[in-house]
Amino acid sequence: MRRFELIAPCHFGMEAILKREIIDLGYDVTEVTDGRITFYGDEEALCRANIFLRTAERILIKVGSFHVESFEELFQGTKALPWEEYIPVNGKFWVTKAASVKSKVFSPSDIQSVMKKAMVERLKDVYHVNWFAEDGDSFPIRVFLMKDEVTVGLDTTGESLHKRGYRKLTAKAPIAENLAASLIMLTPWNGSRILVDPFCGSGTFPIEAAMMAANMAPGMNRSFTAENWKHIVGKKIWYDTLDEARELVDLNVETDIQGYDIDENMVDIARQNAKLAGVDKLIHFQRRGVEQLSHPKKYGFIITNPPYGERLQDKNEMPALYKTIGERYAMLDSWSMYLITAYEQAERDIGRKADKNRKIYNGMMKTYYYQFQGPKPPRRKD
């Protein structure tokens with residue numbers, strides 16, 4: 001088995017959640033930086049990380065790292081990397097994304113161009129050819145520059161891991177599936193507890209929660225770029241990992257997961273998405289406004305992404321909406337509430353200061369994750 005240094009990017013602020021996931025999968029974390037976790041693993045780890053990790057953006061094989069202060073140094077450093085270990089003579093290769101922070105080399109398009117030329121020069125020498133057809137499998141490269149240190153990764157994933165394959169239809173302001181999973185994992189919720197999303201939109205929070213409750217791996221129903229890299233990861237390892245994932249699924253688990261939305265069309269979309277995910281029997285979707293939010297049982301959770309003036313309603317309606325959220329929440333017995341929003345006056349209008357508050361970037365939008373923590377339920381007697 002080959003041993004790789006693997007890089008898993010994630011949403012900023014979610015590093016601790018992803019680190020825990022990787023350790024739970026059985027791998028050694030070597031580095032935690034802003035928005036990235038690095039860990040060691042073999043071919044099986046590469047497959048399992050892609051299929052099982054809920055909060056990662058993608059999985060990269062670290063090709064190398066080096067210091068640069070000029071484009072010439074970038075060229076030479078890139079050329080020195082062992083590209084032939086990964087890219088065959090007919091491989092299609094390119095730098096799909098370059099990000100530079102606090103570095104002297106900072107133009108993404110120039111970084112991409114220089115690195116591509118360096119890779120070509122290296123592979124020309126190795127394969128003794130002057131031209132590459134690039135008509136074979138794809139080998140996308142991602143590059144990070146931070147304070148003049150370059151990290152080069154080969155993207156094994158392809159489309160971001162947040163694309164589980166179930167969300168064919170979306171709301172106007174959808175939350176990414178891996179971010180939704182991260183936010184759920186920041187709470188004490190588990191599959192035996194009640195979960196209600198009163199602004200469910202296309203159903204992402206309830207679906208991700210149901211997948212967790214059923215122990216369903218998020219990458220079971222999608223494909224990955226590295227599935228075609230037979231010289232790096234054999235097909236049997238992918239098949240074995242999928243078999244492992246399927247054996248762990250338990251759709252007989254009892255759940256109380258509910259999703260409401262005032263828009264009947266969105267409720268239909270959420271139902272369709274849940275069916276595509278294979279968890280429709282674990283979720284109850286219903287057309288219902290937040291003013292009707294209620295539940296007879298204690299110790300439940302509200303986890304939601306309510307409107308914040310960019311979606312569904314304009315800003316003038318926000319105070320009344322958040323006041324209603326606060327009133328309905330106050331009527332629930334011993335519940336916790338977790339909501340992500342860009343609306344700055346959320347706590348004021350809810351009528352209560354959150355116990356915890358995290359700043360989270362949802363794409364390029366600055367949002368806040370307000371955490372109103374209810375009491376813990378009493379321990380069950382054996």
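Strand E8 (residues 194-197) and strand E11 (residues 301-304) of this predicted model pair in the parallel sense over two bridges; pairing requires at least two DSSP bridges between two strands. Leu195 has Phe301 of E11 as its bridge partner. Helices (H or I, at least four residues) and strands (E, at least two) are DSSP runs, numbered from the N terminus. Residues are numbered from 1 along each chain as its sequence is written. Local features need pLDDT of at least 70, side-chain atom pairs count only at pLDDT 80 or more, totals for chains, interfaces and linings use all residues, and side-chain values use heavy atoms, with hydrogens and water left out.

E8 and E11 belong to an open sheet of seven strands, ordered E10-E9-E8-E11-E12-E14-E13, with mixed pairing. Strand E10 (283-287) and strand E13 (356-362) are the edge strands, each pairing on one side only. From one strand to the next, the twist averages 20°.

Two helices pack on this sheet, where contact means heavy atoms within 4.5 Å. H6 touches E8, strand E9 (256-261), E10, E11 and strand E12 (336-341), and its direction makes about 165° with that of E9. Helix H8 (residues 264-277) touches E9 and E10, and its direction makes about 165° with that of E10. Axes are lines fitted to C-alpha atoms, for helices over the stretch in contact, and angles run from 0 to 180 degrees between N-to-C directions.

Helix H6 (residues 204-213) also meets helix H5 (residues 177-185): their axes come within 9 Å and cross at roughly 65°. H5 and H6 are therefore roughly perpendicular to each other, a class covering 65 to 115 degrees.

Methods. Angles under 35 degrees count as roughly parallel, over 145 as roughly antiparallel, 65 to 115 as roughly perpendicular and the rest as oblique.
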